[in-house]
Amino acid sequence: MAKRNIVKFGEETLRKHSREVTVFDDRLWVLLDDMYETMKDANGVGLAAPQVGILKRVVVIDVGEGKLELINPVITSAKGKQRDKEGCLSAPDVWGYVERPAKVKVTAMNRYGKEIKVEGKELLARALCHEIDHLNGIIFTDLADEMIEDEEEKGRK
Ligand code: CO
C-alpha cells in the first residue's frame with residue numbers, strides 16, 4: 001500500500017464527473033488500499049477517488065463502524081434531514097454546516113464486482129452523501145449554508 005497525494009479545493013479534477021468502474025482487477029484493489037491508507041493517515045472518515053486524482057466512481061468510508069469500499073455507489077433512498085458540521089480532506093482548514101438526509105440507502109459493488117447494499121444514518125449518511133457528491137464534481141462548500149470561522153468550532157473530517 002502507498003499513501004497518495006490529496007487533490008485540493010480549487011483544482012479542476014474535483015469538478016469533473018467520474019466514470020463508472022467496469023473492471024474489478026488488482027489495479028482497482030491497489031487504488032482502494034491506497035485510498036484507505038491515505039484517508040486513515042489524514043484522520044478522515046471518507047475519501048473519493050477524484051481526491052487522489054483518479055476519475056473513477058470509487059469511495060472508501062470509515063466512520064468508526066468498519067471499512068466500507070463502494071464502487072459505482074448510487075443513493076436509492078434518502079429520508080429526513082440533519083444539519084451538522086462538515087469538512088473535507090481536500091480542504092483541511094475549511095468547515096461549514098451542511099444539511100443532509102438523516103438516513104440513506106446506497107447500492108454499490110464491492111471490490112469483486114458483487115452488488116452490496118448499505119444503510120447509513122447520522123455521520124454515515126453524511127459521509128455517504130459527501131463522498132458520492134465528489135463523484136459528480138460537487139464539493140460540500142457548494143451546499144453549506146454557513147461557513148465556520150472559529151478554530152475551536154471546527155471538528156473532524
Ligand atoms: Co470531501
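How are the donor residues of the cobalt ion spaced in sequence? I began with this point, working from a predicted model. I read the spacing as C-x41-H-x3-H.

**Entry on the metal site.** I looked up the atoms that coordinate the cobalt ion and found SG of Cys-88, NE2 of His-130 and NE2 of His-134. The distances are 2.0 to 2.2 Å. I noted that water is not among the atoms, so the site may look incomplete.

**Entry on the histidines.** His-130 and His-134 both belong to helix H2, where they are four residues apart, about one turn of the helix. I then checked their accessibility and found that both His-130 and His-134 are buried.

**Entry on the sheet.** I turned to the strands and recorded an open sheet of three, in the order E4-E5-E8, with antiparallel pairing. Strand E4 (82-88) and strand E8 (146-148) are the edge strands, each pairing on one side only. From one strand to the next, the twist averages 30 degrees.

**Entry on the E4 and E5 pair.** I looked up the bridges here: six join E4 to strand E5 (residues 91-100), and the two strands run antiparallel. Within this pairing I noted Glu-86 opposite Gly-96 in E5.

**Entry on helix packing.** Which strands does helix H2 touch where it packs on the sheet? I found that helix H2 (residues 122-135) touches E4 and E5. The direction of helix H2 makes about 55 degrees with that of E4.

Technical notes
Residues are numbered from 1 along each chain as its sequence is written. This is a predicted model: local features need pLDDT of at least 70, side-chain atom pairs count only at pLDDT 80 or more; totals for chains, interfaces and linings use all residues. Side-chain values use heavy atoms; hydrogens and water are left out. Two strands pair if DSSP finds at least two bridges between them. Axes are lines fitted to C-alpha atoms, for helices over the stretch in contact, and angles run from 0 to 180 degrees between N-to-C directions. Contact means heavy atoms within 4.5 Å. Donors are N, O and S atoms within 2.8 Å of the metal (3.2 Å for Na, K and Ca); water is not among the atoms, so sites may look incomplete. Buried means under 20% relative accessible area, exposed over 50%, partly exposed in between (1.4 Å probe, protein chains only).
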